[in-house]
Amino acid sequence: MRSVLEVCVDSTASALAAKRGGASRLELCADLIVGGTTPSLALVRQVKAETGLPVRALLRPRFGDFCYDSYELAQMEQLAAELVEAGADGIVTGVLTPEGQLDADAMRPIYAAARRAAEKAGRPVACTLHRAFDVSADPFAALETVRSMGLCTILTSGQAASAPEGAELLGRLVERAGDSVEILVGAGVTAQNIPALAAQTGAHAFHLSGKQVLQSRMTFRREGVPMGLPGFSEFEVWQTDEENIRAARQALDAMKNN
């Protein structure tokens, strides 16, 4: 089976670069600079139409923690259906209790809304738990919750700052999950470290953005008027680099052929 290369993108330009580089599928977000938030429905429709790749849409109403209030949870349930109706092949989300457990009671209606929308559209939907897993209190309890809810994928760094640092736990998760849940290795993944990560963990699915920093096309630049987070230039754009993705695809394919 061909290894999975999922590329995280927040624009159509990045999505097309990922496709040209050999991405298996996309995780579509907005605002990757803050870890990603829910993409617009227009972006979902456009990326799906332009790439034809499987698209899993992030469902995260804001940056910060994963402990949401009732208003946010109601938005998430509604958006889960709308993202699928817009063409998303899956949703990527997660909710934690204040104590750091997966909040299954909060998550069930969200995934159920996505599944109802997919059933109505006559197609399947992939339900993923995102890196809320990495800040949960007990990774193996979280894995069992994921299994009991019928989710297909956990995106994880092995509860570490990067996947190479979390490789030991990732290997244990891959072994424990077996064929029931895909362990999607993400955070700090590059073409250069994919072979070592695969050998250390036994994983077959990898997630990266492959980004490069591009200069703005603006020729007139009024400096000293920040629009968002301090320290970030308003005249830089983060975008997936086709060659970074191609190198990762080649690294994966080379392992299969060895």
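Is S148 buried or exposed? With a relative accessibility of 58%, S148 counts as exposed; here buried means under 20% relative accessible area, exposed over 50%, and partly exposed in between (1.4 Å probe, protein chains only).

## Before you look around

This is a predicted model, where local features need pLDDT of at least 70 and side-chain atom pairs count only at pLDDT 80 or more, while totals for chains, interfaces and linings use all residues. Residues are numbered from 1 along each chain as its sequence is written, and side-chain values use heavy atoms, with hydrogens and water left out.

## The whole protein

The protein has eight helices and ten strands. Helices (H or I, at least four residues) and strands (E, at least two) are DSSP runs, numbered from the N terminus. The radius of gyration is 18 Å, close to the 18 Å that the globule rule gives for 258 residues, so the protein is as compact as a globular protein of that length. That radius is taken over C-alpha atoms, and the globule rule is 2.2 Å times the number of residues to the power 0.38. Along the principal axes, the C-alpha atoms fill a box of roughly 55 × 50 × 40 Å.

Buried residues account for 50% of the 258. Take the contacts (heavy atoms within 4.5 Å) between residues at least 6 apart in sequence: 64% of them join residues at least 24 apart.

## Helix α4 and its cover

Helix α4 runs over residues 104-121, which makes 18 residues. From its first C-alpha to its last, α4 reaches 25 Å, close to the 26 Å expected at 1.5 Å a residue; the expected span is 1.5 Å times one less than the number of residues. Several of its residues are buried, including A104, M107, I110, Y111 and A118. Just past the end of α4 sits G122, with a positive phi of about 75 degrees.

Now back to S148, which is in helix α5. S148 and A104 are 44 residues apart along the chain, and their C-alpha atoms are separated by 9.6 Å.

## Helix α6

Helix α6 covers residues 167-177, and its buried residues are A167, L169, L170, G171, L173, V174 and A177. The cover over them includes α5 again, plus β6 (153-156), β7 (182-186) and α7 (194-201). After α6 comes G178, with a positive phi near 60 degrees.

## Two loop residues with positive phi

D31 isn't a glycine, yet it has a positive phi of about 55 degrees. You'll find D31 in the loop between β2 (25-28) and α2 (41-51), partly exposed at a relative accessible area of 41%.

A187 is another non-glycine with a positive phi, this one near 95 degrees. A187 is in the loop between β7 and α7 and counts as buried, at 17% relative accessibility.

C8 lies in strand β1 (residues 4-9) and counts as buried, at 7% relative accessibility. Leaving aside neighbours within four places in sequence, C8 is in contact with E27, C29, L32, H207, L208, S209 and T240. C8 and A30 are 22 residues apart in sequence, with 9.9 Å between their C-alpha atoms.

Q215 lies in strand β9 and counts as exposed, at 52% relative accessibility. Setting aside neighbours within four places in sequence, Q215 is in contact with R221, F235 and E236. Q215 and E77 are 138 residues apart in sequence and 37 Å apart in space, C-alpha to C-alpha.

## Out on a loop

P230 is in the loop between β9 (211-215) and β10 (236-240), and at 74% relative accessibility it counts as exposed. P230 and A248 are 18 residues apart in sequence and 32 Å apart in space, C-alpha to C-alpha.
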